[in-house]
Amino acid sequence: MRLAPVVAAIAAQQRADAAPVVILIDGPSGAGKSTLADRILDAWPSTAGRTSGRTAGRPTLIRLDDIYPGWNGLAAASAHLTEHVLRRHRAGLPGAWRRYDWGSAAPAEWHPVDPARPLLVEGCGTLSAANAGLSDVRIWLTADDAERKQRALARDGEAFRSHWDQWQAEWQGFLVREDPARWATIELDGTPGLR
């Protein structure tokens, strides 16, 4: 998977007269969404200027893994992103997302989102019909099923292994409802890794 087309698409959206760019990365578990988000941040220009009187700079990164309210929470996290972050960001208003504490199985603290900064969101459930029009660059990332399962279980260990089928059912439901790939402006294969 090459990073160059992603960086070019983001640069094209970062016009001097535009609001800060919003980038969404979606795809199945283990496809490489977190890695791609980290690489985008690493490649972000280090010299941040001012854009239309608004502070530019590195994007705020939101990982949906921090928002899902449990193993059956994909749809709820996607709706939370729409309601509390993306709609407000698009309107130039401060937003916030609420972390879910997996250890206590309860909602935790809120995290503010500055509408003057670019926004990068990664996770299963970002590319919904509601979120497509609230974003600028939408990345659909796929990977070989065996490869992505191996990656996901290596990353999250036994805690994920016992919930893999449950999460896959959540994911399949989201695919049927939202057909997220259709909203993508960029499609990438994460199987070979990032270059």
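**Close-up views of a predicted model**

**Figure 1. Asp 38, Arg 63 and Glu 122 belong to one network of salt bridges.** The model is predicted: local features need pLDDT of at least 70 and side-chain atom pairs count only at pLDDT 80 or more, while totals for chains, interfaces and linings use all residues. Residues are numbered from 1 along each chain as its sequence is written, and side-chain values use heavy atoms, with hydrogens and water left out. A salt bridge here is a side-chain nitrogen of Lys or Arg within 4 Å of a carboxyl oxygen of Asp or Glu. Between Arg 63 and Asp 38, the closest N and O atoms are 2.4 Å apart. This pair links distant parts of the chain, with Arg 63 in strand β4 (residues 60-63) and Asp 38 in helix α2 (residues 33-43), 25 residues apart. Helices (H or I, at least four residues) and strands (E, at least two) are DSSP runs, numbered from the N terminus. Arg 63 is partly exposed at 22% relative accessibility, and Asp 38 is also partly exposed, at 32%. For relative accessible area, buried means under 20%, exposed over 50%, and partly exposed in between (1.4 Å probe, protein chains only).

**Figure 2. A salt bridge joins the side chains of Asp 136 and Arg 90.** The N to O distance is 3.3 Å. The two residues lie in distant parts of the chain, 46 residues apart: Asp 136 is in the loop between α4 (129-132) and β8, and Arg 90 is in helix α3 (residues 74-90). Arg 90 has a relative accessible area of 32% and is therefore partly exposed.

**Figure 3. Arg 99 and Glu 109 meet through their side chains in a salt bridge.** The separation is 2.6 Å, N to O. Arg 99 in strand β5 (residues 95-101) and Glu 109 in strand β6 (residues 106-113) are 10 residues apart. Both count as partly exposed, Arg 99 with a relative accessible area of 25% and Glu 109 at 35%. The structure holds 5 salt bridges.

**Figure 4. Strand β1 (residues 22-26) is largely enclosed by the rest of the structure, because 5 of its 5 residues are buried.** In a regular strand the side chains alternate between the two faces of the sheet. Val 22, Leu 24 and Asp 26 point one way from β1, and Ile 23 and Ile 25 point the other way. Strand β7 (residues 119-122) runs parallel to β1 and is joined to β1 by 4 bridges; two strands pair if DSSP finds at least two bridges between them. Within β7, Val 121 stands opposite Leu 24. Strand β8 (residues 137-142) also pairs with β1 in the parallel sense, over 4 bridges. Val 137 in β8 is the bridge partner of Ile 23.

**Figure 5. Helix α5 (residues 145-156) has Arg 148, Ala 152 and Leu 153 as its buried residues.** These residues cover an arc of only 125 degrees around the axis, so they are on the same side of α5; the arc is that of the directions from the helix axis to the C-beta atoms. The face turned away from the buried side carries the exposed residues Ala 146, Gln 150 and Ala 154. Gly 157 follows α5 and has a positive phi, near 65 degrees.

Methods: The expected span of a helix is 1.5 Å times one less than its number of residues.
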